[in-house]
Amino acid sequence: MSILDPLDVRLILALIEDPRAQIGELSESLGVARNTVQSHLRRLTRTGALRQGGREVDLAAIGYDVVAFITIEVTHRDLDGVISAMRAVPQILEVYEISGRGDVWCRLAARDIHHLQGALRQLLRIKGVIRTETSLALHEHIPYRLQPLLERMSHGSAVSSTP
């Protein structure tokens, strides 16, 4: 069950659109008082729905308890069409073209296993998808992070930046 109300969703979407938006800008764009924005941000942070300074959403905290990593084998001539069709699946969080086993990798969020199954069936109906292999995330040990990499770079320890 999601803890988000419609204003929470609009607020998070506004933060995704402009992560540097200030309280006043959010208030104006959403058509609500500054105090309303501040109280919603505090509640979302307190409940864990927003983390890392209030700009990253915790999927489990908003009702998406299942995270799956899906490797997809596709017909190469249909690769662009497959990726375009994947954009229409709202549960898909990110997509990469990969080397090795499979051709495309994606991370998908679902409310439960039945919701995941529906998304997988939707993927398998895409023209050009041959098969999928799904792995479920059991626990997140290290969330997405950039700070250690940037800290190393700031100390001059970064690997050469030449491509």
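Reply: Helices (H or I, at least four residues) and strands (E, at least two) are DSSP runs, numbered from the N terminus. Starting at the N terminus, the elements follow the order α-α-α-β-β-β-α-β-β-α-β-α, which gives six helices and six strands. The model is predicted, so local features need pLDDT of at least 70 and side-chain atom pairs count only at pLDDT 80 or more, while totals for chains, interfaces and linings use all residues. Residues are numbered from 1 along each chain as its sequence is written, and side-chain values use heavy atoms, with hydrogens and water left out.

Now the charges. Lys and Arg count as positive and Asp and Glu as negative; His and the chain ends are not counted. Side chains of opposite charge can pair when their charged atoms come close. A salt bridge is a side-chain nitrogen of Lys or Arg within 4 Å of a carboxyl oxygen of Asp or Glu. The count comes to six salt bridges.

One of them joins Arg 43 to Asp 8, with 2.4 Å between the closest N and O atoms. Arg 43 belongs to helix 3 (residues 34-46) and Asp 8 to helix 1 (residues 6-17), 35 residues apart. Buried means under 20% relative accessible area, exposed over 50%, and partly exposed in between (1.4 Å probe, protein chains only). Asp 8, at 0%, is buried, whereas Arg 43, at 22%, is partly exposed.

Another salt bridge pairs Arg 131 with Glu 73, the closest N and O atoms being 2.6 Å apart. Arg 131 is in strand 6 (residues 129-136) and Glu 73 in strand 3 (residues 66-74), so this pair ties together parts that are 58 residues apart in sequence. Both are partly exposed, Arg 131 at 46% and Glu 73 at 29%.

Asp 103 is a contrasting case. This residue lies in the loop between strand 4 (92-97) and strand 5 (104-110). Asp 103 is buried yet has no salt bridge, and the nearest side chain of opposite charge, Arg 131, is 8.1 Å away. The side chain of Asp 103 does reach the backbone nitrogen of Val 74 at 2.8 Å. Contact means heavy atoms within 4.5 Å. Beyond its neighbours within four places in sequence, Asp 103 has contacts that include Glu 73, Val 74 and Tyr 96.

Notes:
Polar contact = N/O pair within 3.5 Å; in protein donor to acceptor, adjacent residues only side chain to side chain.
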